[in-house]
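Dear colleague,

Please find the structure below, together with its sequence.

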Amino acid sequence: MSLLRRPLLALARSEEVKRGLMTMPLTAAVVRGYVAGESTAEAVRVTADLVGEGLAVTIDHLGELTTDTGRAEDTTKVYLALLDDLAAHGLARRAEVSLKLSAVGLSLGDAGTDLALANAHRICEAARAVGTTVTVDAEHHEIIDDTLTVVHELRREHPEVGAVLQAYLHRTEADARDLAHEGSRVRLCKGAYDAPPTVAHQGAAVDRAFVRSLRILMAGQGYPMVATHDPRLIRIAASLASRHGRGPGTYEFQMLYGIRPAEQRRLAEAGETMRVYVPYGTDWYGYLTRRLAERPANLSLFLTSLISRS
């Protein structure tokens, strides 16, 4: 299955394939199995259901690589409205938001970093006002430095802002050491973007790198957020937490909406903080193809939908 990862990631970058698939009448089961819906109202309804099951949530409005300031502003306003809706429904205590900086301006040339920082600051202010916070997602390896620079600046006024590290990158152990300080919220995931061997581990080496970075975070003074669906890595995380005297509320597990929901409920029922990553919006194509690359077994469901589209 690992042989499928690179071709699937290539599909995520293909505009021709994207245009074709987004105009096909795919069955709702494929997209809605992994995406909460297109509207903020749908995302809030899914969030309420998950919170009702004892789960925590982080919500991502899909979209990245914004190429104009107008769209960056629109995305910022979507997040502001989302946060208002979470507060209005009494969900802010259990639901935060995840934000890709490229969606709010980071990709807009020389001025992009300043624009993304300003827009992210507005979202962080709104999150604090309703009693929740923001986690800044990691993206492709070329913008990790810019992303972490913005996170550092945001944390001057909002130290609760979360950062995301991708274990498959060679640099991540060093980044984990830098971020494993008191009060620092850090999500560790394997990584869902394509990257060459010069900057990223390949194959089984990614799991070993994940464990090395996880050890650093669990031994540190911060708040690790363990983003994995891998049963072995979940067991290792629980063991490391116990070894370092971490009790409930000093770390959490995170999984994607639609992936291993029974395991999500099991962890929550066992007293673990289990947060579900809930994406929504119309720009689902890149997200879905990266999910297929992470877990190629999902490809059978996707292909079944394509065959039955008529």
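**Findings**

Helix H8 (residues 172–179) lies across S4 and strand S5 (185–189), and runs at about 155° to S4. Helices (H or I, at least four residues) and strands (E, at least two) are DSSP runs, numbered from the N terminus. Axes are lines fitted to C-alpha atoms, for helices over the stretch in contact, and angles run from 0 to 180 degrees between N-to-C directions.

Please note that this is a predicted model, in which local features need pLDDT of at least 70 and side-chain atom pairs count only at pLDDT 80 or more, while totals for chains, interfaces and linings use all residues. Residues are numbered from 1 along each chain as its sequence is written, and side-chain values use heavy atoms, with hydrogens and water left out.

**The sheet**

An open sheet is formed by 8 strands in the order S3-S2-S1-S8-S7-S6-S5-S4, with parallel pairing. Two strands pair if DSSP finds at least two bridges between them. Strand S3 (134–136) and strand S4 (163–166) are the edge strands, each pairing on one side only. On average, neighbouring strands of this sheet are turned by 30° against each other, direction ignored.

Within the sheet, S1 pairs with strand S2 (residues 95–99) in the parallel sense over 4 bridges. Isoleucine 59 has valine 97 as its bridge partner in S2.

**Threonine 58**

Strand S1 (residues 56–61) contains threonine 58. Is this residue, threonine 58, buried or exposed? Threonine 58 counts as buried because its relative accessibility is 0%; buried means under 20% relative accessible area, exposed over 50%, and partly exposed in between (1.4 Å probe, protein chains only). Leaving aside neighbours within four places in sequence, threonine 58 is in contact with residues including Glu96, Val97, Arg187 and Tyr277, where contact means heavy atoms within 4.5 Å.

**A helix pair**

Helix H4 (residues 40–52) and helix H5 (residues 69–88) pack with their axes 10 Å apart, at an angle of about 40°. H4 and H5 are therefore oblique to each other; angles under 35 degrees count as roughly parallel, over 145 as roughly antiparallel, 65 to 115 as roughly perpendicular and the rest as oblique. Thr40, Val44 and Thr47 of H4 make the contact with Val78, Leu82, Asp85 and Leu86 of H5. By class, the contact of H4 with H5 has 4 nonpolar, 2 polar and 1 charged residues. Here Ala, Val, Leu, Ile, Met, Phe, Trp, Tyr, Cys and Pro count as nonpolar, Asp, Glu, Lys and Arg as charged, and the others, Gly among them, as polar.

Yours sincerely
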